[in-house]
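Subject: The structure I promised you

Hi,

Here is the structure for you to look through. Open it in your viewer and keep it beside this email as you read.

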Amino acid sequence: MRFEVPQFIEVEDKIFGPLTWRQFVYIGGGVGIGVVLFFLTPFFMFVLLGMPVAGLSFALAFYPVNNRPFAVFLESVFRYFRGSRLYLWQKKGTGIYSGAYTQQADAPVQLGAYVPPTGNGHLSSLSRKLELEAMQRDEGASDI
C-alpha cells in the first residue's frame, strides 16, 4: 500500500486571501484598536497612539526575526527583561578524582604519574590508566 506523506506541515494555511488566520487576527486587532482610537480620542492623539499600534500589528503579522515570528521574539524580550540575569558559578568538588587521589592546591599536576586505587576494584584502576594515557596524548599533541 502506498501512503502519501504530508509535505510543508510547518506552513500555515491561507484562509483570508493572502493572509493566514494568525495574520488576519493581528491585522484585525490593529484595525479595531485604530477605529476605537479614532472615535474616542482627538485626531492628534489618534495619530500619536495609532502609529505604534499599526506598526506593532504589522510587525506581528508580517515581520520575522531570524526566521521566527515576531511574537516569539517579543515574548523572548519580555522574558529577558522580567527574569533574573545574575548567574553565579560555584565550584562543586575538588577535582576529577575526589576519592582516591587528592591534589594539593599548590602542588603542580604531574601527568603520567600513576596513583594506585584505594579499593580492590580493577575497573577504577583501568579507567584511571586510560584517562592518564589520554591526557598524555593531548599534551603531546599540543606540543606539535
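Below is what was found in it, going from the whole chain down to single residues.

**The overall layout**

Before you start, please keep in mind that this is a predicted model. The protein has 144 residues, and 13% of them count as buried. You will find four helices and four strands in it. Starting at the N terminus, their order is β-β-α-α-β-β-α-α. If you take the contacts in the protein with a separation of 6 or more, 38% of them join residues 24 or more positions apart.

**Helices α1 and α2**

Two packed helices are described by the angle between their axes and the distance between the axes. How do α1 and α2 pack, in angle and in distance? The angle is about 175 degrees, and the axes lie 9 Å apart. An angle over 145 degrees counts as roughly antiparallel, so α1 is roughly antiparallel to α2.

You can trace the contact on both sides. From α1 it takes Gln23, Tyr26, Ile27, Gly30, Ile33, Gly34, Leu37 and Phe38. From α2 it takes Phe43, Phe46, Leu49, Gly50, Val53, Ser57, Phe58, Leu60, Ala61 and Phe62. Sorted by class, the residues of this contact are 13 nonpolar, five polar and no charged.

Ser57 sits in helix α2. Is Ser57 buried or exposed? Its relative accessible area is 7%, and under 20% counts as buried, so Ser57 is buried. Setting aside neighbours within four places in sequence, Ser57 is in contact with Tyr26, Ile27 and Gly30. Tyr26, Ile27 and Gly30 are also among the α1 residues of the helix contact.

Phe46 belongs to helix α2 as well. Phe46 has a relative accessible area of 22% and is partly exposed. Leaving out neighbours within four places in sequence, Phe46 is in contact with Gly34, Leu37, Phe38, Thr41 and Met51.

Ile33 is part of helix α1. With a relative accessibility of 44%, Ile33 is partly exposed. Along the chain, Ile33 and Ala54 are 21 residues apart, and 8.9 Å separates their C-alpha atoms.

**Helices α2 and α3**

Next, follow α2 to its contact with α3, the helix of residues 70-82. Here the angle is about 115 degrees, and the axes are 7 Å apart. Angles of 65 to 115 degrees count as roughly perpendicular, so α2 and α3 are roughly perpendicular to each other. Which residues meet in this contact? Leu56, Ala59 and Leu60 come from α2, while Phe70, Ala71 and Leu74 come from α3. By class, the contact of α2 with α3 has six nonpolar residues, with no polar and no charged ones. Leu60 is worth a click, as it is listed in the contact with α1 and in the contact with α3.

**Two asparagines in a loop**

Asn66 lies in the loop between β3 (64-65) and β4, and Asn67 is in the loop between β3 and β4 too. What is phi in Asn66? Phi of Asn66 is near 55 degrees, a positive value in a residue other than glycine. Phi of Asn67 is near 60 degrees, again positive in a residue other than glycine. Asn66 is exposed, with a relative accessible area of 70%, and Asn67 is exposed, with 79%.

**The largest pocket**

Finally, have a look at the largest pocket, which has a volume of about 360 Å³. Its lining is made of 17 residues, of which Glu12, Thr20, Gln23, Ala61 and Pro69 lie nearest the centre. Which elements give two or more residues to this lining? They are α1 (21-40), α2 (43-62) and β4 (68-69). The lining divides into nine nonpolar, three polar and five charged residues.

Enjoy exploring it!

Best wishes

How values were computed:
Residues numbered from 1 in each chain as written. Predicted model: local features only at pLDDT ≥ 70, side-chain atom pairs only at ≥ 80, totals over all residues. Heavy atoms only, no water. 1 Å grid on protein atoms, 1.4 Å probe; cavity = no way out; pocket = protein on both sides within 12 Å on 5 of 7 lines; lining within 4 Å. Points joined across faces, edges and corners; volume = space filled by probe spheres on them. Nonpolar A, V, L, I, M, F, W, Y, C, P; charged D, E, K, R; others polar. Axes fitted to C-alpha atoms, helices over the stretch in contact; angles between N-to-C directions. Parallel < 35°, antiparallel > 145°, perpendicular 65-115°, else oblique. Contact = heavy atoms within 4.5 Å. Buried < 20%, exposed > 50% of the residue type's maximum accessible area, 1.4 Å probe, protein only.
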